[in-house]
Amino acid sequence: MKTKTAVDIAGLKLKNPVLTASGTVGFGEEYAPYLDLSGLGALVVKTITLKPRAGNPPPRITETPAGVINAVGLQNPGVEALVADILPRLARFGVPVIVSIAGETAGEYARLAGRLDGVPGIAALEVNISCPNVKAGGIAFGTEPAMTAEVVRRVRENTALPVIAKLSPNVTDIRTIALAAAGAGADALSLINTLSAMVIDVERRRPLLGNVFGGLSGPAVRPVAVRAVWQVYRAVALPLIGMGGIMTARDALEFILAGARAVAVGTANLVNPGAAAAVAAGLEQYLAEQGIGDINELVGAAHRTGG
């Protein structure tokens, strides 16, 4: 049976619904020897800022029994290096590139959006208003509806590219943030970013990470992320990209059935560089086995069968 896996995210045509989560495959080139990037729905590159950032002091990553806590702190070479050096090299992979952006002020987000508008090789912008690992900006913009709306509006005003707002789970009600982003002009929503967390080194009797706090990702956060997608799907009429602990195709299906039109694989890439491709292949196999001709039929299907 021939199946259709193509999806549309705010006018962005993707051959399949599987993306990489920002920050988990660098800028993609690092994974190219192990993963056919052209087989992805889209490549979401590491978050970029106006100026280069060194990131947080080490240690910056640690394992937990069911996931990873990272406090990288948005280390990146800055937007000019992305435009001049990295994006031209990514063109050879033939995959839509979504650029994640972050700033310390709403004005910085606006300047980034304007700088990237019209640059060849960019399919969309993902607005990271939810990073828990930076002291200025980041999660602060994604935990208060007015600040969310301000950042999204400023980005929207400065680009013709599709604008995807990435939401934080570290809020009382993620639906209020989603509604604020939608009202300010977001074309789609990504959810969720990592959960704020920490680990204490009992031998040294002090926080293990150099930044004290980090963001928890991996299987432990998946039920939280699925719940968030379920709630936002019912509250906001925008396409959703679900992520959080997706290790297999069955994990991805949970998000799609909850309302996600696409999914992003993150921590799994650190375990298996081919994880995203395996998820895409698994989704196709599921469609064939279930006799479903189009993956879009599954988006939000769990809402239509009770629950």
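**Entry 1**

I began with A10, whose place is in the loop between strand 1 (7–9) and strand 2 (12–14), where helices (H or I, at least four residues) and strands (E, at least two) are DSSP runs numbered from the N terminus. Before going on I noted that this is a predicted model, in which local features need pLDDT of at least 70 and side-chain atom pairs count only at pLDDT 80 or more, while totals for chains, interfaces and linings use all residues. Residues are numbered from 1 along each chain as its sequence is written, and side-chain values use heavy atoms, with hydrogens and water left out.

The phi of A10 is near 55 degrees, a positive value in a residue other than glycine. I looked up its accessibility too: A10 counts as partly exposed because its relative accessibility is 30%, given that buried means under 20% relative accessible area, exposed over 50%, and partly exposed in between (1.4 Å probe, protein chains only).

I then turned to V212, which lies in the loop between strand 13 (206–207) and strand 14 (214–217). V212 is not a glycine either, yet its phi is positive, at about 70 degrees, and with 29% relative accessibility V212 counts as partly exposed.

**Entry 1: cis peptide bonds**

I found a cis peptide bond joining P58 and P59, with omega about -5 degrees, and P59 has its place in the loop between strand 4 (43–44) and strand 5 (61–64). Another cis peptide bond joins L191 and I192, with omega about 20 degrees; I192 is found in the loop between strand 10 (188–191) and strand 11 (195–197).

Is strand 9 (residues 163–167) mostly covered or mostly open? I noted it as mostly covered, since five of its five residues are buried. In a regular strand the side chains alternate between the two faces of the sheet. In strand 9, V163, A165 and L167 point one way and I164 and K166 the other way, and all are buried.

For pairing I used the rule that two strands pair if DSSP finds at least two bridges between them. Strand 8 and strand 9 run parallel and are joined by four bridges, and the bridge partner of V127 in strand 9 is A165. Strand 9 and strand 10 also run parallel, with four bridges joining them, and here I164 stands opposite A188 in strand 10.

**Entry 2: nonpolar cores**

In soluble globular proteins, nonpolar side chains tend to be buried together. I took a nonpolar core to be a set of buried Ala, Val, Leu, Ile, Met, Phe, Trp, Tyr and Cys residues joined through side-chain atoms within 4.5 Å. The largest nonpolar core has 99 residues, and of these V99, I101, L189 and L191 touch the most other members. Helix 8 (residues 275–290) gives the most to this core, with seven residues. A second, separate core has seven residues, including A71, A197, L209 and L216.

Apart from neighbours within four places in sequence, the residues in contact with T148 are I129, F141, G142, T143, I177, A180 and A181.

**Entry 3: cavity and pocket**

Rolling a probe the size of a water molecule over the atoms shows where empty space is left. On a 1 Å grid over the protein atoms alone, a cavity is a set of points where a 1.4 Å probe fits but cannot get out, and a pocket is an open set with protein on both sides within 12 Å along at least five of seven lines; lining residues have an atom within 4 Å of a point. Grid points are joined across faces, edges and corners, and a volume is the space filled by probe spheres set on the points.

How many cavities of 30 Å³ or more are there by this rule? I recorded one. The largest cavity holds about 30 Å³ of space, and among the residues lining it are L19, E126, K166, S190 and M243. Strand 3 (18–20) and strand 15 (240–243) each supply at least two residues of this lining.

The largest pocket holds about 580 Å³ of space and is lined by 36 residues, of which S22, G23, T24, N70 and T194 lie nearest its centre.

Terms used:
Contact = heavy atoms within 4.5 Å.
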